[in-house]
Amino acid sequence: MTLQAKSQKAASQMFRTERVVIWTAAVLIATLLAGCMVGPNYHRPVVQAPTTFRDLSENPQAQAQAASYADLPWWQVFQDPQLQELIRTALKQNYDLQIATERINAGRAQVAITRSNLFPQVQGNGDFSGGKEHNFQTKFNFLTLTADAAFQLDFFGKLRRATEASRAELLATEDARQTVILTLVSDVASDYFALLQLDLQLQITRETVKTQEDSVKLTNLRVEHGVATKLDVLQAQQVLDTANAQIPDLERQIAQEENAVNILLGNYPQGVTRGRPLVEQPLPPEVPPGLPSALLERRPDVREAEQVLVSANAEIGVAKAQFFPQISLTGSGGGAFGRSSAFSGLMGSQLGTWSYGAQVSQPIFTGGALRGNLRVAESQHQQALIEYKQAIQHAFGDVSDALIGYQKFHQVRVRQEDSVADLQESVRLSNLRYRGGTTTYLEVLDGQRSLFSAELTLAQARDNEYQSLVQLYRALGGGWQQQP
């Protein structure tokens, strides 16, 4: 073997050895980067949640009911087609929901920005210069192209913890949007039922006015025939005036409620088309609350609070990594191309350049800033933990309040329906006795006044029951599902 061949073989072996060393170093660095992260890993806190909802201890069937009313999508809970159309419009046009969606877009962009620090940062530069030197009568034109690269080695997980925190913040923003949807659906339904309740009150009032107008006419005829007195006419007129006085106020409330609905829909104030009247709105035969353990997964505000906790936990790792050395690798390369009349023997010139380096930065004395930064991160983590537990507590409180409200308002509505039925029969009998001359007209008027008041109370009781049903659906975490 010649000396030249031996030299080529040795150079080839050296090249292969260098490649092995480079790849081994890369694998070791990657392993080190993947396995070394300071700061605590997140573990969901143990929260002692109740095993059953309050006031259901005497109902074993409700306790064992795994399915929840909130598992139903809103378009199955609210079956009025017009209400469904209003909710769809609100989900398309509501400004609060649009803002929440844009916050998600901003959160995704922020994750991309934070995550970009995990990769090498490369920058290209270009410079062109030309001219003439007066003293030497030299002309020149040069183009310089360079590329710079910098890579921060994340030995202690600072950048990965920051990315983890940013992702958690994005998930919290997405959960916040679901909370906005849940609130929007329930608010539209609540305002719609309130509008139907006012419609019902206005209908009852107008029917009462018509009845009392006929009663006043009838009483005047009876006075003319000597079978009634002027006092009977005055008393009938008082009932008529009382009913008439309530109509403008009810019309004002209806217009304002329509405006409230349109604001939720993202529209300017205008009328609102109604669907079924309040008395025809379906009510579920039973409302199973489901298992308490499922509440924490269904309520988006609880999930949002947990993601905030995840982010705060990762920020502790970011703060701890500040105590350790920060290592960066840098490199650059490029070339200059051009020609100069100073080199008459050369038509052009080329010059290649490259460089590399490493930088290590270790905090030595910061006046307590790093330790203070860590304490801030730990305090914010504790605050997020407390807020997470508080969100769970409020969730169970909301469900308990809604369950109690729905049960009680249901009972009130049933009793009020019986009361109205009894008063309707009483007024009918009073009219028969009055026309038969066995009682005074005062008894008829008292019965009519009581019936008018009872019907208005029943309309309010119906609205209260529907409102409590909406609040229960919202408290259980229903309403944020998207319609396919």
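A crossing of two helices is termed left-handed if the near helix is turned anticlockwise from the far one by less than a right angle. In this predicted model, the crossing of helix 10 and helix 11 is left-handed. Helix 10 (residues 369–435) packs against helix 11 (residues 441–475) at an angle of about 160 degrees, and their axes are 7 Å apart. Helix 10 is therefore roughly antiparallel to helix 11, since angles over 145 degrees count as such.

The salt bridges number 22. In one of them, the closest N and O atoms of Arg160 and Asp154 are 2.9 Å apart. Arg160 counts as buried at 19% relative accessibility, and Asp154 counts as buried at 7%. Glu164 is bridged to Arg161, with 3.0 Å between the closest N and O atoms. These two residues are 3 positions apart in helix 6 (residues 158–224), a separation of about one helical turn. Arg161 is buried, with a relative accessible area of 1%, whereas Glu164 is partly exposed at 22%.

A further salt bridge pairs Asp175 with Arg303, the closest N and O atoms lying 3.4 Å apart. Asp175 belongs to helix 6 and Arg303 to helix 9, so the pair ties together parts that are 128 residues apart in sequence. Both residues are buried.

The C-alpha atoms of Val310 and Ala172 are 9.4 Å apart, with the two residues separated by 138 residues in sequence.

On the surface, Phe128, Leu143, Leu145 and Phe337 form a nonpolar patch with about 380 Å² of accessible area together. Phe128, in strand 1 (residues 121–133), is exposed, with a relative accessible area of 57%.

How values were computed: Residues numbered from 1 in each chain as written. Predicted model: local features only at pLDDT ≥ 70, side-chain atom pairs only at ≥ 80, totals over all residues. Heavy atoms only, no water. Patch = residues over 30% accessible without salt bridge, like charges linked within 9 Å, V, L, I, M, F, W, Y side chains within 5 Å. Areas by Shrake-Rupley, 256 points an atom, 1.4 Å probe, with all protein chains shown as cover. Salt bridge = Lys/Arg side-chain N within 4 Å of Asp/Glu carboxyl O. Helix = DSSP H or I, 4+ residues; strand = E, 2+ residues; numbered from the N terminus. Buried < 20%, exposed > 50% of the residue type's maximum accessible area, 1.4 Å probe, protein only. Axes fitted to C-alpha atoms, helices over the stretch in contact; angles between N-to-C directions. Parallel < 35°, antiparallel > 145°, perpendicular 65-115°, else oblique.
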